[in-house]
Amino acid sequence: HGIPAMNETDLAKPTTPSTSPVSERDWRQLLTLMRQGLLIPVIGPELLCIPYEGAPSARLYDLWGQELAELRHMEMPQRDKEIPLLYRVTNLMSIDPRKPKGDFAYDIDDVIRERPWPLPPPLLQLAEITDFPVYLTTTIDHLLEAALLKAHRTREPKVIAFRPGGKASDNDLPHAFVAAPQPVVFHLFGRTTSTDRDAFAATEEAL
């Protein structure tokens with residue numbers, strides 16, 4: 001989709017989760033809890049990695065920031081490399097006087113949802129597991145829902161996207177929630193829309 005090549009310094013390397021020895025008993029207990037529907041996976045930006053420009057992995061949050069900066073004709077932020085580039089760019093956008101803040105939602109949604117990004121392999125693997133009643137994500141994209149649909153689920157996932165000031169009935173699971181074949185995707189920080197800037201955490205401050 002026309003992303004120019006970036007230097008290695010432009011993209012933060014994906015965080016490698018620390019490993020710790022897990023006994024066979026611990027694995028059995030974990031799998032039992034999964035089968036009973038008592039575990040909920042929490043998905044963060046670290047899981048949204050795809051092969052890119054010959055490299056085995058690049059963070060989508062960095063690639064989105066690159067495209068957003070180009071869309072806004074902004075210089076690439078160089079500080080705080082550990083912060084995803086998307087948030088470094090939107091932090092600057094929040095004080096950019098050249099465009100109304102209402103353009104936030106449209107531009108961010110255009111970059112994230114309206115362009116053909118590949119589904120990250122970790123999301124596809126996670127979507128194949130049918131024992132999770134709820135998937136909790138701290139990301140603002142729609143890729144997890146797409147991964148669940150691609151996993152040949154019998155029903156589309158139910159989506160709950162938290163938003164400040166929203167109705168309690170829309171912001172949370174129902175009081176009498178019961179696990180069902182229809183998976184639930186809970187967006188803790190909202191998800192992108194083209195019309196409502198306050199529907200998702202677009203900047204670090206909002207996050």
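Mentor: Start with ring pairs. Rings of Phe, Tyr and Trp (its six-membered ring) pair if their centres lie within 6.5 Å; planes under 30 degrees apart count as stacked, over 60 as edge-to-face and the rest as tilted. This is a predicted model: local features need pLDDT of at least 70, side-chain atom pairs count only at pLDDT 80 or more, and totals for chains, interfaces and linings use all residues. Residues are numbered from 1 along each chain as its sequence is written, and side-chain values use heavy atoms, with hydrogens and water left out.

Trainee: How many aromatic pairs does the structure hold?

Mentor: There are four aromatic pairs. In one of them, the ring centres of Tyr61 and Trp64 are 5.2 Å apart and the planes stand at 45°, so this pair is tilted.

Trainee: In which helix do Tyr61 and Trp64 lie?

Mentor: Helices (H or I, at least four residues) and strands (E, at least two) are DSSP runs, numbered from the N terminus. Tyr61 and Trp64 both belong to helix H2 (residues 60–71), where they are three residues apart, about one turn of the helix. An α-helix has 3.6 residues a turn, so residues three or four places apart point the same way.

Trainee: Which parts of the chain does the pair of Tyr61 and Tyr87 tie together?

Mentor: Tyr61 and Tyr87 also form a tilted aromatic pair, with 5.8 Å centre to centre and 50° between the planes. Tyr61 is in helix H2 and Tyr87 in helix H3 (residues 85–93), so the pair ties together parts that are 26 residues apart in sequence. Ring pairs link Tyr61, Trp64, Tyr87 and Trp117 into a cluster.

Trainee: Are Tyr61 and Tyr87 buried or exposed?

Mentor: Buried means under 20% relative accessible area, exposed over 50%, partly exposed in between (1.4 Å probe, protein chains only). Tyr61 and Tyr87 are both buried, and Trp64 is buried as well. Of the 207 residues of the chain, 42% count as buried.

Trainee: How is burial read for a whole helix?

Mentor: H3 is mostly covered, with seven of its nine residues buried; among them are Leu85, Leu86 and Tyr87. Contact means heavy atoms within 4.5 Å. The cover over the buried residues of H3 includes H2 and helix H4 (103–112). In H4, eight of the 10 residues are buried, so H4 is largely enclosed by the rest of the structure. The cover over the buried residues of H4 includes H2 and H3.

Trainee: Which residues have the most contacts inside the largest nonpolar core?

Mentor: In soluble globular proteins, nonpolar side chains tend to be buried together. A nonpolar core is a set of buried Ala, Val, Leu, Ile, Met, Phe, Trp, Tyr and Cys residues joined through side-chain atoms within 4.5 Å. The largest one here has 41 residues, and Leu60 and Trp64 have the most contacts inside it. Strand S2 (49–52), H2, H3, H4, helix H5 (121–127) and helix H6 (143–150) are the elements that give two or more residues to this core. H2 gives the most, with six residues. Leaving aside neighbours within four places in sequence, the contacts of Trp64 include Leu48, Leu86, Val111 and Trp117.

Trainee: How many salt bridges does the structure hold?

Mentor: A salt bridge is a side-chain nitrogen of Lys or Arg within 4 Å of a carboxyl oxygen of Asp or Glu. The structure holds nine salt bridges. One of them joins Arg115 to Glu67, with the closest N and O atoms 2.4 Å apart. Arg115 lies in the loop between H4 and H5 and Glu67 in helix H2, so the pair ties together parts that are 48 residues apart in sequence. Arg115 is partly exposed at 24% relative accessible area, whereas Glu67 is buried at 3%.

Trainee: Which residues do salt bridges with shared partners join into one network?

Mentor: Asp110 also forms a salt bridge with Arg115, the closest N and O atoms being 2.7 Å apart. Salt bridges that share partners join Glu67, Asp110 and Arg115 into one network.
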